[in-house]
Amino acid sequence: MRTPLKLADAHPGPAFPVTLDGREIEALPGQTVAAALWAAGVTSWRTTRGEGRPRGVFCGIGVCFDCLVTVNDRPNQRACLVPLHPGDAIRTQEGTGHDD
Ligand code: FES
């Protein structure tokens, strides 16, 4: 199967655990939140404020803000830009990401 890792002939370091809503998933060194979620089969991780529609990556380069997610209790982080570290806790986000 052709994957970005194989196409780039990349050899990242060993995977490490992070969590998504308490469920453990793996991330690779240098991987963004969005990349790790995609690798885990997750394609949407927030809902819109108005109609609660699912959102994930749209632009993938930090421009559209569709990929907002909560990382280590900090809401509204752009998943396509934020690199993961061992033990990071990712949470899906509803609306503004705040308790309002
Ligand atoms: S996907 Fe557009 S800002 Fe992250």
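Which residues have the most contacts inside the largest nonpolar core? The legends below start there, and keep in mind that this is a predicted model.

**View 1. Inside the largest nonpolar core.** This core has 19 residues, and those with the most contacts inside it are Val33, Leu37, Trp45, Leu84 and Ile90. Who brings what? At least two residues each come from strand 1 (16-20), strand 2 (23-27), helix 2 (33-39) and strand 5 (68-71). Helix 2 gives the largest share, with four residues. As a bit of background, nonpolar side chains in soluble globular proteins tend to be buried together.

**View 2. Zooming in on leucine 37 and its contacts.** Here's one of the residues with the most contacts inside the core, Leu37. If you skip the neighbours within four places in sequence, leucine 37 is in contact with Leu20, Ile25, Val42, Trp45 and Ile90.

View 3. Cysteine 80 counts as buried because its relative accessibility is 10%, under the 20% cut-off. Cysteine 59 has a relative accessible area of 27%, so it falls in the partly exposed range. A disulfide is a covalent bond between the sulfur atoms of two cysteines. Search the whole structure for disulfides and you get zero.

**View 4. Out at methionine 1.** You'll find methionine 1 in the segment before helix 1 (4-7). Methionine 1 counts as exposed because its relative accessibility is 82%, over the 50% cut-off. Aspartate 73 is 72 residues away along the chain from methionine 1, and the C-alpha atoms of the two are separated by 36 Å.

Terms used
Residues numbered from 1 in each chain as written. Predicted model: local features only at pLDDT ≥ 70, side-chain atom pairs only at ≥ 80, totals over all residues. Heavy atoms only, no water. Buried < 20%, exposed > 50% of the residue type's maximum accessible area, 1.4 Å probe, protein only. Core = buried A, V, L, I, M, F, W, Y, C linked by side-chain atoms within 4.5 Å. Contact = heavy atoms within 4.5 Å. Disulfide = S-S within 2.5 Å.
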